[in-house]
Amino acid sequence: MFRFPVIDWDFRWQRPQQMSVQFARHGHRVFYATTTMSVLPKEDAAFDEVARYVKVKLVEPNVWLVTLCANRNLNLYTDQMSATDIRYLNWSIEYIRERFQIGHLVSIVDLPFWTPLVSSMEDSKLLYDCMDEHNGFSTNAPSMIRLEEQLARKADLVLASSQRLHDRMKSYHSSPLLLRNAADAAHFAAHAPVAPELASIQGPVIGYYGAISDWFDAKLVERMAERRPEWTFALIGHTFGCDTAGLEKLPNVLLLGEKRYHELPMYLHRFDAAIIPFLQNELTKATNPVKLYEYLAAGKPVVSTALPELETVAAGLTVIARTPEAFEQAVERSLRQNNPQLMEARKNFASSHTWETRYEELHRTILKRLFPKVSIVMLAHNNWPYTRQCLFSLQKPGRYPHLEVIVIDNGSTDETSQRLAELDPDCFKIIRSDVNLGFAAGNSLGCRKAAGEYIILLNNDTIVPDGSWIRRLIRPLEKHPGIGMSGPMSNHVGNDQAVDLFVGNPVEGANPHWLKEFYGLYKGRSRYTDLLGFFCVAMRRSVFEEVGGLDSKYGIGMFEDDDYCEQVRRAGYKLLIVEDAFVYHHGSATIKKLKQEQYDDLWRSNKAYYERKWNKPWRQPKRPENIFYGADTPEGVAGKLGGRPCLLVLGGREWSRTPARWQQMVRELSQRNDCIIVVYLSAYFGHEVVGIRKAGPRLYVTNRPDLFSHADLESVVYCGGTDVLPYFSSDRCVVDTFSYHAHQLDDLKIKLQTPRVLETEDVPLLISQMRRAPQP
């Protein structure tokens with residue numbers, strides 16, 4: 001949970017801090033931004049430099065205070081972010097996400113100032129907590145109102161703290177949630193010693209705490225204090241924006257300044273009556289005062305000016321006064337009628353309106369609306385070591401927050417049944433079948449038992465990576481109702497879902513550094529297909545209910561995934577490969593245990609059944625995508641390019657996790673939609689490169705640059721490599737000055753004779769200049 005606040009953490013303790021603490025107490029990590037930022041005034045700073053300006057401090061268990069980095073010193077109420085500010089702030093958030101390995105992020109925004117930043121953030125659920133009528137603050141610039149409309153329209157969920165705000169938010173958002181304020185009832189109900197400033201006072205104390213600003217009716221309090229010298233008025237809070245000159249002259253008015261949250265009960269328990277003397281304006285008509293619930297938690301009588309929220313939520317427990325005379329009379333009656341029964345009723349009201357109950361309501365709503373329930377259905381027939389490994393990977397930190405895992409024990413005869421029985425029933429639902437139902441019937445049973453809005457069929461011989469894999473798979477299903485099923489890329493699958501260059505192992509699955517690079521290269525990419533491998537496939541529950549279960553006539557397995565894909569497509573849905581999702585697959589762990597003769601018979605019979613059922617021949621699935629497949633000569637490689645623009649990059653010989661300028665250049669170049677990028681490498685994250693392998697949508701790596709000697713290359717880019725390849729003409733060579741020491745650069749210029757030398761430290765600018773390089 002990342003909170004973009006309106007007030008600092010250690011300022012007046014209100015809804016932002018209270019709700020943050022509730023999330024933290026329930027196990028969520030909370031990052032609370034400060035209202036001031038570190039300033040990095042240069043315009044062209046890199047990510048690593050910005051990250052050094054970000055400050056992080058643990059202030060409570062599971063709560064970190066974060067100072068973000070911006071290009072300028074920004075005022076939250078009057079300034080607007082520049083493009084550079086947004087970039088630096090975004091990088092600050094990325095740094096926090098990387099440092100703390102955040103998989104699922106909910107951003108709660110309290111002030112529209114943050115809109116440009118949160119609108120540019122990726123992979124974050126956006127929640128706008130509307131607590132105020134912003135045009136009611138004299139300190140807010142007019143731009144704040146325009147930004148608020150953008151924020152509310154973009155938000156995944158909008159909260160409103162009062163009915164008036166809720167009604168206004170409905171103009172921008174289809175279903176805002178009315179979530180009023182509350183109190184830490186136990187904190188204010190508990191006995192506390194009287195504050196020293198009030199200990200010696202004789203007679204009634206009429207008290208108020210909170211902001212004493214331009215919406216505070218100072219004249220009303222001044223009038224009462226003049227008329228009632230026997231009453232002492234204790235006013236707690238900063239007085240910025242309020243004319244308190246008249247109050248300061250009165251001997252029975254104490255302006256006590258701001259007090260810390262833990263001190264407030266010491267003052268409140270000495271109040272004989274608590275007041276909310278607000279002026280009538282757009283701001284106060286929309287307010288749901290936190291102090292109301294805190295006053296009542298201490299059992300105190302409350303007198304207020306006419307505020308719609310008080311008349312709605314606390315009728316009978318507060319007194320509403322519409323004139324100065326009525327206000328004074330209401331205070332007087334409250335002092336006379338403060339009996340134990342009324343005090344108990346007030347405390348009971350407050351105890352049912354706590355921050356804990358507000359958290360529970362909000363958490364339920366977040367799960368329902370922002371993280372729809374997902375049911376994973378896993379079939380297990382023996383092979384307990386595989387099942388254990390898969391289940392362990394599903395429980396990694398950062399996992400999807402609204403998940404059920406259904407394991408079908410499909411007639412296992414090894415230790416599987418015993419081990420499954422030992423699992424936590426709150427995390428896993430185990431269904432036992434005494435016989436092997438087969439792949440189709442077993443998965444169909446699990447789907448019928450699933451409660452999720454989305455269902456994922458997951459083989460037990462898989463290892464899921466970080467916590468983002470579910471979000472990546474269901475994202476297109478949420479956005480496009482015409483997509484019936486989606487599937488990830490994998491290291492082992494018999495169609496074009498297979499990655500061409502994988503780095504990992506059977507113990508841990510995907511190498512985390514390779515995976516991060518893979519996610520970056522394929523970010524947001526997907527493509528339609530006719531076939532998805534059922535080692536891992538996601539679908540909306542409604543699609544399963546419409547299409548029905550998998551065909552059990554395929555027995556223990558094979559061709560049922562081809563069959564179900566055909567069913568889903570004939571129902572009018574599309575199938576999608578999510579290219580920036582990955583799941584490791586050992587591959588056919590159960591079916592491979594069949595004897596070869598049994599396997600062959602099953603393959604032939606199921607293939608024949610498929611062809612009879614659909615009245616068409618079964619076709620071999622597509623191969624993994626690599627345009628150079630089958631080319632092992634320079635002529636063949638040139639033919640595969642077919643005239644497409646191509647760049648050959650000569651940087652370091654090993655692609656590693658250590659940041660290097662030439663790797664940044666390759667990443668920038670690979671964003672070109674019109675060009676194939678080939679990098680001369682020996683190893684990719686420690687994995688030996690042999691031949692020409694596809695690492696990204698348009699990025700290839702090779703240990704054989706000679707295979708491109710016949711290709712009509714757009715450029716040969718030297719950015720670290722010192723070996724001059726003799727079979728490429730020098731008039732197409734581009735040299736990055738900042739990738740070499742002076743003596744290396746001089747030597748390279750001599751060898752290349754007439755290279756084009758580019759001299760800029762800014763990599764994006766360098767790439768832009770490279771694209772404008774003149775061609776012979």
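Ala 314 has a relative accessibility of 1% and therefore counts as buried, a label that applies under 20% relative accessible area, with over 50% called exposed and the range in between partly exposed (1.4 Å probe, protein chains only). The model is predicted, so that local features need pLDDT of at least 70 and side-chain atom pairs count only at pLDDT 80 or more, while totals for chains, interfaces and linings use all residues. Residues are numbered from 1 along each chain as its sequence is written, and side-chain values use heavy atoms, with hydrogens and water left out.

Ala 314 sits in the loop between helix 14 (308-313) and strand 16 (318-321), where helices (H or I, at least four residues) and strands (E, at least two) are DSSP runs numbered from the N terminus. Apart from neighbours within four places in sequence, Ala 314 is in contact with Leu 292, Glu 309 and Phe 349, contact meaning heavy atoms within 4.5 Å. The C-alpha atom of Ala 314 is separated by 9.9 Å from that of Val 302, twelve residues apart along the chain.

The largest nonpolar core has 164 residues, and Trp 114 and Trp 469 touch the most other members; such a core is a set of buried Ala, Val, Leu, Ile, Met, Phe, Trp, Tyr and Cys residues joined through side-chain atoms within 4.5 Å. A second, separate core of 68 residues includes Leu 521, Cys 565, Ala 695 and Leu 758.

The two helix pairs are set out below, with axes as lines fitted to C-alpha atoms over the stretch in contact and angles running from 0 to 180 degrees between N-to-C directions.

| Helix pair | Axis distance | Angle |
|---|---|---|
| Helix 9 (residues 218-227) and helix 15 (residues 324-336) | within 10 Å | roughly 55 degrees |
| Helix 1 (residues 15-25) and helix 17 (residues 355-369) | 10 Å | about 70 degrees |

Helix 1 is therefore roughly perpendicular to helix 17, and helix 9 and helix 15 are therefore oblique to each other; angles under 35 degrees count as roughly parallel, over 145 as roughly antiparallel, 65 to 115 as roughly perpendicular and the rest as oblique. The contact between helix 9 and helix 15 is made by Leu 220, Arg 223, Met 224 and Arg 227 of helix 9 and by Pro 324, Glu 325, Phe 327, Glu 328 and Val 331 of helix 15.
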